Amino acid sequence: MTDEPAGGGAPSSSGLLWPRLADPPRRFDWAVLPTPVDRAPWLDTPHATVWIKRDDRSSPIYGGGKVRKLQWVLANPPYDGDAPVLSMGGTGSHHLLALALFLAPQRRTLHALVFEQPWTPHVRRNLAVLVSTGAKLWTAKTRPGLGVAWLAYRLWRRPAIAGTYMAAGASTALGCFGFIEAALELAAQIAAGALPRPDVIYLTAGSAGSCAGLLVGLALAGVSTHVHLVSSVEAWAFNGVLLRRKLAAAEGELRARGLVDAPTGGVMRWLERAGVTFAIDHAEVGGGYGAPTAAGLDAVALAGAHGLALETTYTAKCLAALRRIEAARGGPRRNVLWWNTHAGNDLSDRIAPDWRARCPIAVPDE
Ligand SMILES: Cc1ncc(COP(=O)(O)O)c(C=O)c1O
């Protein structure tokens, strides 16, 4: 366990993945790992015994899955210099928020292309913190409108201040390393008896870096299991084709970094041989990305009663899928792991009193 508060420091080569690579990339030591695995009897059914992977506790600055990715991505070119970083997301984006919070100790600025998603108190709070970090925003009403925000950015920027573009969700090939390592961490917890090998893992998916990394990491660790991917976005934004592409990119990056004992035959064969399977589930998307659903709100309330702060865009929908599927299932009892990817941090003291005046978006009152 690392007690180091995250957010600064020099990149090193450390962690569980590093010894398996002949030419490892650098990595900040930002995340507090391993994150605990807790039993959750309140989610059990007659046919399911449920554990939670507590990534909500992965950082005192900003936890969830994002710090796992960013500690790799921000330690390596092209994101390791002094330049601002340009990225995109919704008004409540956890990715943009995490990026801004981890760039701040480096005295670097985030340039953000932001589209409006349905307003909830959580989205409003995330935006308030994002603006308070000093991030600069170029905004659009809708996701397709981001093209116009991008043009506005191109017109505004000058070479000296241009941001280096980072894919949404930090789901670059190197970003996937965060969840490859997370799978190695889980394998070590299974080996140490913290939990039995899960028959199924529930994980939410958006830009697909987390799930691609986890799948590849499970194959690398030799953990045979099924991963149920609960999409938080519409099928055009996350689907089997995009996932396969991301899987290939993650595996390609591992090879490029000198994966010791690299398997032959491509990433899909590798998963097959390791007994790692997956399914993609769009049933919880409801009214679209960021739109709260009744089942999601129920999940938020239930988790809240057990001390877990969820949000309605990703983790609530994932837990709703778990509850729906496990309640309907018969058959032998199985071991279920729900991966909680949402940061639990209270960021209210990071909100500047004048954030609304600084925000280029007219934010409706609560
Ligand atoms: C809380 C939370 N969980 C999960 C995800 C999905 O991760 P990925 O974009 O890697 O699919 C996100 C993405 O922003 C998120 O904010």
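Which strand order does the open sheet of 6 strands have? Select its members and you will find the order E1-E2-E10-E7-E8-E9, with mixed pairing, where two strands count as paired if DSSP finds at least two bridges between them. The names come from DSSP runs, numbered from the N terminus: helices are H or I runs of at least four residues, and strands are E runs of at least two.

Before going on, keep in mind that this is a predicted model, in which local features need pLDDT of at least 70 and side-chain atom pairs count only at pLDDT 80 or more, while totals for chains, interfaces and linings use all residues. Residues are numbered from 1 along each chain as its sequence is written, and side-chain values use heavy atoms, with hydrogens and water left out.

Next, select strand E7 (residues 200–205) together with strand E10 (residues 334–340), which run parallel and are joined by 3 bridges. Val200 stands opposite Val336 in E10.

**The sheet of 4 strands**

Now move to an open sheet of 4 strands, which has the order E5-E4-E3-E6 and parallel pairing. Its edge strands are E5 (136–140) and E6 (164–165), and each of them pairs on one side only. If you select E3 and E4, you will have two strands that run parallel and are joined by 6 bridges, and you can look for Ser87, which stands opposite Ala112 in E4.

**The loop between H1 and E3**

Follow the chain to the loop between helix H1 (66–73) and strand E3 (85–90), where Pro78 lies. A cis peptide bond, with omega of about 5 degrees, joins Pro77 and Pro78. Asn76 lies in this loop between H1 and E3 as well. Is Asn76 buried or exposed? Asn76 counts as buried because its relative accessible area is 5%, given that buried means under 20%, exposed over 50%, and partly exposed in between (1.4 Å probe, protein chains only). Leaving aside residues up to four places away in sequence, Asn76 touches Pro25, Arg26 and Leu174, where contact means heavy atoms within 4.5 Å.

For another cis peptide bond, select the step from Leu33 to Pro34, where omega is near 0 degrees; Pro34 is found in the segment before strand E1 (37–39).

**Two residues with positive phi**

Select Arg107 in the loop between helix H2 (94–103) and strand E4 (110–115). Its phi is near 55 degrees, a positive value in a residue other than glycine, and Arg107 counts as exposed because its relative accessibility is 77%. Then go to Asp261, in the loop between helix H7 (240–256) and helix H8 (267–274). Asp261 has a positive phi of about 55 degrees although it is not a glycine, and with a relative accessible area of 72% this residue is exposed.

**A last stop in H4**

Finally, select Leu151, which lies in helix H4 (residues 146–156). Leu151 counts as exposed because its relative accessibility is 54%.
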